[in-house]
Structures are given as structure tokens and as C-alpha cells.
2 protein chains.
Amino acid sequence: MAETPRTVRELGEFGLIARMNAGRAQGSNVVVGPGDDAAVIAAPAGRYVVTTDMLVQDRHFRLDWSSPRDIGAKAVAQNAADVVAMGAEPSAFVVSLACPPDTAVEFVDGLVEGLWAEARRAGGSIAGGDVVSAPLLIVSVTAFGDPLRPPVLRSGAQPGDILAVAGRLGWSAAGLAVLSAGLDPAAYPEVVAAHRLPRPPYESVRNLPRGTVVTAMTDVSDGLLADTGHVAESSGVAIDLDPDAVRDPALTPVAERLDADPLAWSLAGGEDHAFAATFPGGQPLPPGWTQVGRVTDGTGVTVGGRAWSGPVGWESFAGGG
Amino acid sequence: MAETPRTVRELGEFGLIARMNAGRAQGSNVVVGPGDDAAVIAAPAGRYVVTTDMLVQDRHFRLDWSSPRDIGAKAVAQNAADVVAMGAEPSAFVVSLACPPDTAVEFVDGLVEGLWAEARRAGGSIAGGDVVSAPLLIVSVTAFGDPLRPPVLRSGAQPGDILAVAGRLGWSAAGLAVLSAGLDPAAYPEVVAAHRLPRPPYESVRNLPRGTVVTAMTDVSDGLLADTGHVAESSGVAIDLDPDAVRDPALTPVAERLDADPLAWSLAGGEDHAFAATFPGGQPLPPGWTQVGRVTDGTGVTVGGRAWSGPVGWESFAGGG
């Protein structure tokens, strides 16, 4: 009798694919799921939203800081957040996974659990993918969505709009700082959890009251300053952020312990996958949204009317990595 | 005046993205292209085909054997072939690129040229993507297509059908053997070119005469034996391959030089991205297609009525890589 396979090499490519798909029910919009040359997805609106993001070991996650389940869930969450930020409903995902042949089967099991758990939370299923060998772990996710409304672009913000956020800002950066400083993660469980597994507040977009006007929207993946900077540039406007509204008092204890500025985390920290949107000034803010700034004539992003002199957010090729 | 950036690090993430998209016109089915949280693609048939494949440096290509342009084109070609093998027309692609920060800007320029050239050849455009830092080069492509007919699955082959192929078999494997043996590539330019840059014969599927019945179809990416094995298994049939029809006399000289079996290359070599399809026995073969076997009752794939004892094709986690 064959021994139970312990590694991806022992399981083999097709055994691995079968294991990844075993017992998984596809969403109703997946017409043809895994197992053929390609999947077929329904597009009832006659168009679909697409985004893709790649996570690289030791660049976007560390195996000693995140569980396999966290890594899988995070890979899906950051893609689903982009779909939702376009005003669309996530429908399906495809995932390419590269890993060393000696990767434990249990590791892949955990990763797949995380992929599926977050896909379900976002409203979709994993409709296909690819598995390949590589010297390090790489997870590449492409996410699809059905537009619920005309696409909400970054380019529609207008002077007089208010800027509001749904979700937390700076928690992931605070958690990363705790882990980087070698502090006990158990002493700061909430921010460490926020770093390991972002929870985009999909429902705050999904539940926008019918008729709500959203002039621009984005997810906050590179940091509030960077991402609202893209909105300002695309829309040809200026945005002023209110530091008292952006600063999160919940981060004060951990910031004091690390002698850090919690406002910098909330302004420049990426990966929280909150949503930032601009709404016409006269319109009541929808549930779950908090005003953090105003849109004016001009260019660029300021904080309390002044230029920000601290760090400005994530850049893929910075940091020597 | 700033010096011209020479590396990806000097150019920066957003400079790189701008450079990748500069002057590129999107296809008519791309409603919203690069530059927002997500792209929006038209799906006039109300459904779309999706496939994804990841290429890893030193596993799927070598920088000393392939030009950046070849690598980009190959990444798109193998995905486009999967779309076409479903009976769909390629419409758009998204590409995630991971590379070391010291990658030369000219290298990425070449890669992007290749991505776009093959996307155009297949009938689509590059609608978005992601760029990240990693210690080695990884290209992950997701391809989309519009179904021209009901999806042609691997599961529809029936006893009495004939198996036919469009495109070349074993040329890529022969080219890889030439490069692996350290022979002068210039002495065997055609097979080396076939390895560096597969040319799926999209037109042989696209130009199938109206009314042609195709019971099953796949692209040959893992080798004819392996891929027709998937058809046999999915369809619950047996397939017998005709060795005299599969063997390509054009490979004889290079096989003799390497003391290799050209039939093994044509049976087990992957990456040619030919198309294999089954057609009802009484139907004339469409232009560009050559009969290479027959579908019968039973299970498994045989060669000339006998089990094949040579290599059986590509497996992602084999070979210690």
C-alpha cells in the first residue's frame, strides 16, 4: 500500500490539482470549472471586471509570520477588494501557485482553505488555476466581478466632494511593525491579525443605499496618501486629509510602545484594504463610512492643509527587495 | 537633468507601469483598461472563457536560451492556445510580472514587446496587470476569450471519432534537446525557434468551416500522450495513436545527431501548443488538420495498438526543479 504523500513532489501535479478541487462546489456563475483547458464564467451584465495581484514570499508575506491559511486568504482579499472598489460584485477567482517540490501537502491544504474561505466571504469561488514548481512560494490571483453599476473609477472626484473611508487604516502597518520589532504578537493580537489577514469591508460597498452617488472609489492597498493621490491625479483635483479623522486612537498604545507615529501608519500604511470614496458634499454619508477629508480645486494631497513630510506608501521595487 | 533610468528600481513601480502601457491601444472589447483598481472587459456572449498559466525562470525558460521578447510571447501564446482550444476567440490578457529590482529596463521593454506581439496575433490586448519584486523572473498570464460556439470540452470524444492535430509535434522538445546538449543553435534554427517561441496555429481552429462538428479539443502543452490521455479519461474512451502519422520526418536529422528517438519527442514533448481534436469519423477533415489516431471503446492511450514505454510528458514537480 502506498504511503500517504507528504510533499507536493510525492503528490504530483495532477494529484495536487485534484486535492485542491476535491469537494469544492463552484458558484452559480461558473459554467465550466476546473479540469479543462479553460473555465467558462457567466457575465450576466455583458461585461466583467478583472484585476490581478501577485504575492511573493519574503516580499509580501513571511512563512514565520503568517499561516498558510492567512496567505491564501490575503491573496484573495486584496484582489476581491479591487473588484469591489470598481463597484462590482466578486464572482470568481483563478489562482496560480508556485512552490518548491518539497512543500508539505498540509501547507497547500491550509493555503487552499484560506483561498476558498475568503472567496466565499467575498461572494465567489475558485474556478481554476495553475500549479508550478519554483524555489519560493508565489501566489498569483486574478479576480472577476459583475458590475452592479457603471464602473466607479478613480477619475470622478470633484471639488466640493467629501472623502470618506470604510474600514481600518494603519492596523496592518502597526501589526507589521510589531512583528518586525520582534515584540510578542500575543501582546498586540488585533493589529497582528489585521496584518496577517486583512478584512476588506466588502459589505460597506455592497450595502450602499440605492441611489447613492459615488464619484470615485479605490481600495487602500498602498496607503491612504498614495491611493488618494491616485484619485487626485486621475480626477484633476486636490484632496485635503483631516489628521484628526485619519488618526486611529486604538493604535496609540502600540505606537507608544514602539515610539512610532500612529498617524504615519494610518496615512502611509498599505494592505488594510479599506475603501476610500468620494461622495457629493450634500449627500448623507452611507452606513459604515467615515469622513476623512475634502476634495478641492488644485493638485496633490495635503494633511491638515500642509504637505506631509513622512513616508508616503508602498513601492514595489523600493527597499532593496 | 535626471539620467535615463537603467533598472526597474530606478524607474520605480509606477514609472514601469506607465512605460509598459505607453502608446498601447486597447482592443475594442476592453471597456476600461489599465490605470484603475481593475479593468472592465466586454462579454458580448454573456459568458467568457478564462485560463491562467505561470512561467518561472529556470523552470519554464532560461535567460541564456530565450530573449525577453520570446519569453513574453511564449507566456501569452500558451494561454491563448488554451482559450482557442475551448472554441473561443482570445479577447484580452492580464499579466503579473515579478522581477529583481536590478532588471534592466530594456529587458522589460523586450518582454512587453513579446507580450503585445503575441496578444495581437491571437486577437487581443493586454488590459492590465501587476508588477512586483522577486529574486527571479516570473510571468503569470491570465487570458480571456469570447465563446464562438458552446465550449468544446475534453469530455466529448466518442468511439468511432478520429483524432486529428493542427500544428507541429515534437519541435519544441527537439529544440530543447539541442540547447540542453550544448549544440550550436544556429545549426538547427527551426527547432530552436520552435522551442523559444511556440506558434499555436490559432487559424486552424478559427477557420473551422461553419457546421464542423468537433467532439473534443485540447491544446498540446504537456505532450500528445498526456493531453490525449486527459481527453480519453474525461470522455471515457480509448485513443490509439498512429506512430507513422505522429512521427515527423523533419526531426530525423537532429534526432540522429543526438542519438534520440524523434517519435518520443512527438509523443511526449510539450510546449508545441498544437491543437488536438476529435471529429466524427464520417466528416471530412478541415483544412490544416491531420489525422493521427482513432477513438475506440476502452480506456487509455496506445501507440500503434500497444502501450508506450517511453517518457509520457511534462509534470510540474518532477525533475527536482
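Helices here are DSSP runs of H or I with at least four residues, numbered from the N terminus. The model shown is predicted.

**View 1. Val8(B) in its helix.**
Val8(B) sits in helix α1 of chain B, which covers residues 8-11. A residue counts as buried if 20 or more other C-beta atoms lie within 10 Å of its own. Val8(B) has 25 other C-beta atoms within 10 Å, so Val8(B) is buried. Leu97(B) is 89 residues away along the chain, and its C-alpha atom is 12 Å from that of Val8(B).

**View 2. The two domains of chain A.**
The domain assignment divides chain A into domain 1 (8-147) and domain 2 (154-303). Their C-alpha centres are 26 Å apart. Domain 1 of chain A brings 14 residues to the contact, and domain 2 of chain A brings 13 residues. On the domain 1 side, helix α3 (residues 68-85) of chain A gives the most, with ten residues. The residues on that side of domain 1 comprise eight nonpolar, three polar and three charged.

**View 3. Helix α4 of chain A and its surroundings.**
Helix α4 of chain A runs over residues 105-122. Its 18 residues, at 1.5 Å each, should span 26 Å, and the end C-alpha atoms are 26 Å apart, so the two agree. Which residues of α4(A) are buried? They are Val108(A), Leu111(A), Val112(A), Gly114(A), Leu115(A), Trp116(A), Glu118(A), Ala119(A) and Ala122(A). Several elements of chain A cover these buried residues, including helices α1 (8-11), α2 (13-21), α3 and α7 (202-206). Strands β4 (88-99) and β5 (125-133) of chain A are also part of the cover. Just after α4(A) comes Gly123(A), with a positive phi of about 110°.

**View 4. Where α3(A) packs on α4(A).**
Two packed helices are described by the angle between their axes and the distance between the axes. For α3(A) and α4(A), the angle is about 35° and the axes are 6 Å apart. Their crossing is right-handed. On α3(A), the contact residues include Pro68(A), Ile71(A), Gly72(A), Ala75(A), Val76(A) and Ala80(A). Facing them on α4(A) are residues including Phe107(A), Gly110(A), Leu111(A), Leu115(A), Glu118(A) and Ala122(A). The residues of this contact divide into 14 nonpolar, three polar and four charged.

Definitions and conventions. Residues numbered from 1 in each chain as written. Chains lettered and ligands numbered in written order. Predicted model: local features only at pLDDT ≥ 70, side-chain atom pairs only at ≥ 80, totals over all residues. Domains from an automatic or database assignment. Contact = placed C-beta atoms within 7 Å. Helix = DSSP H or I, 4+ residues; strand = E, 2+ residues; numbered from the N terminus. Nonpolar A, V, L, I, M, F, W, Y, C, P; charged D, E, K, R; others polar. Expected span 1.5 Å × (residues − 1). Buried ≥ 20, exposed ≤ 12 C-beta atoms within 10 Å, placed from the backbone. Axes fitted to C-alpha atoms, helices over the stretch in contact; angles between N-to-C directions. Left-handed = near helix turned anticlockwise from the far one by under 90°.
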